[in-house]
Amino acid sequence: MDTILDLRQIRTFTEVARTRSFTKAAAQLYYAQSSVTAQVHALEKDLGLPLFNRLGRQVELTEAGRQFLSYAERLICLAEEARLSVQKNGEIAGPLVVSASESLLTYRLPELLRTFQSTYPDVQLTLHTSTACTSMAPLEPGIDLAITIDEPIEVPQLLVQKIRRERMVAVASSEHPLSNRSRVSATDISEHQILLTERTCTYRALFERTLVQQGGRVNKLLEFASIEALKQCAVARMGVAILPEVVVAAELDQGTLVILPWPQRRMYVYTQLVRHRDKWISPVMDAFSTMAIKLLCEMSH
């Protein structure tokens, strides 16, 4: 007898794969953890193979799980396409899951999100904060669109739209020893503590690459998972921070941080809109993409 796969179980499977946790998946889906566990076990029984290796509180996909994941995502997309096809012509409604970094969610996206919800009140918008500023693989299972602030992304399976250029700046407290210098070299910066984002962040890689090319090196650093914590430590005179200018615009206006005159050739990253090349573009995705490109391009700084 042929097995009929349960779409609810498949959705649950993709959420566990995304979060690598039965507990976190249950919270995202508003299920009891026992329900998530039972659904995954039932799916594994139907398929006749384990989909996850259980490693204490965390889980990882087996080889069979990795192979099934791409099919699961396509099944979910196809189901959504079928559902939307029978809705009223032109109606923008349904779920949308968007991933973005902390800095974008804080400094670039609030006006976009407010306008989108006001314009399309029947869209169920869910936001995921990405764990790092980069997203070379930003579209985890269940994510429709990602907005990243990054060096140009070139991944064959992704479609990437550059929206705007973002200047990267070296900043320090107005009381920092380098703050009044008319010229600052890579060697000067190397002599002070540097406040950096996590190693997975590509604009950290951009800074380190630029520093080394100009004869400097990172001798002493503090590494942060939080952009806001990093910025506040810079204000507290704890070192030189490397951040997108938009993140520190308010502190620059207030005079609590200053831009150091380094490097002479400016560093840039880009706000980019990313989606899977093979993913069907729903009317909701299309509406959000169009509005995001328009509003983010129009922002003055």
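I started with L96 and asked which residues it touches once those up to four places away in sequence are left out. My list for L96 reads F116, V123, Q124, L125, T126, D144, L145, V284, M285 and F288. I note here that I am working on a predicted model.

Next I looked up the largest nonpolar core, which has 58 residues. L96 is one of those with the most contacts inside this core, together with L109, W262 and F288. Which helix gives the largest share of the core? I found helix α11, residues 283–298, with 7 residues. I jotted down a reminder that nonpolar side chains tend to be buried together in soluble globular proteins. Apart from this core I found another, of 18 residues, including A26, L51, F52 and V59.

**Helix pairs**

I turned to the helices, where two packed partners are described by the angle between their axes and the distance between those axes. For α2 (residues 22–29) and α3 (residues 33–47) I read an angle of about 110 degrees, with the axes 8 Å apart. Angles of 65 to 115 degrees count as roughly perpendicular, so I filed α2 and α3 under that heading. On the α2 side I noted F22, T23, A25 and A26, which meet Q33, V36, T37 and V40 of α3. Sorted by class, the α2 contact with α3 has 5 nonpolar residues, 3 polar ones and no charged ones. I had already written down A26 as a member of the core of 18 residues.

Then I checked α1 (residues 7–19) against α3 and found an angle of about 110 degrees, with the axes 9 Å apart. That makes α1 roughly perpendicular to α3. From α1 the contact takes R8, Q9, I10, T12, F13 and V16, and from α3 it takes V36, Q39, V40, A42, L43 and D46. I counted classes here too: 7 nonpolar, 3 polar and 2 charged residues.

**Two single residues**

Is S173 buried or exposed? I found S173 in strand β6, residues 158–173. S173 has a relative accessible area of 3%, and under 20% counts as buried, so S173 goes down as buried. Leaving out residues up to four places away in sequence, S173 touches S179, A234, V235, R237, T256, L257 and V258. I also took a C-alpha distance from S173 to L295, which came to 32 Å for a separation of 122 residues in sequence.

For A79 I went to helix α4, residues 63–85. A79 is partly exposed, with a relative accessible area of 24%.

**The whole chain**

The chain has 11 helices and 11 strands, and 48% of its 301 residues are buried. Its C-alpha trace spans about 75 × 45 × 35 Å along the principal axes. The chain exposes about 15,700 Å², with carbon and sulfur atoms supplying 50% of that area. Of the contacts between residues at least 6 apart in sequence, I noted that 74% join residues at least 24 apart.

How values were computed: Residues numbered from 1 in each chain as written. Predicted model: local features only at pLDDT ≥ 70, side-chain atom pairs only at ≥ 80, totals over all residues. Heavy atoms only, no water. Axes fitted to C-alpha atoms, helices over the stretch in contact; angles between N-to-C directions. Helix = DSSP H or I, 4+ residues; strand = E, 2+ residues; numbered from the N terminus. Parallel < 35°, antiparallel > 145°, perpendicular 65-115°, else oblique. Contact = heavy atoms within 4.5 Å. Nonpolar A, V, L, I, M, F, W, Y, C, P; charged D, E, K, R; others polar. Core = buried A, V, L, I, M, F, W, Y, C linked by side-chain atoms within 4.5 Å. Buried < 20%, exposed > 50% of the residue type's maximum accessible area, 1.4 Å probe, protein only. Areas by Shrake-Rupley, 256 points an atom, 1.4 Å probe, with all protein chains shown as cover.
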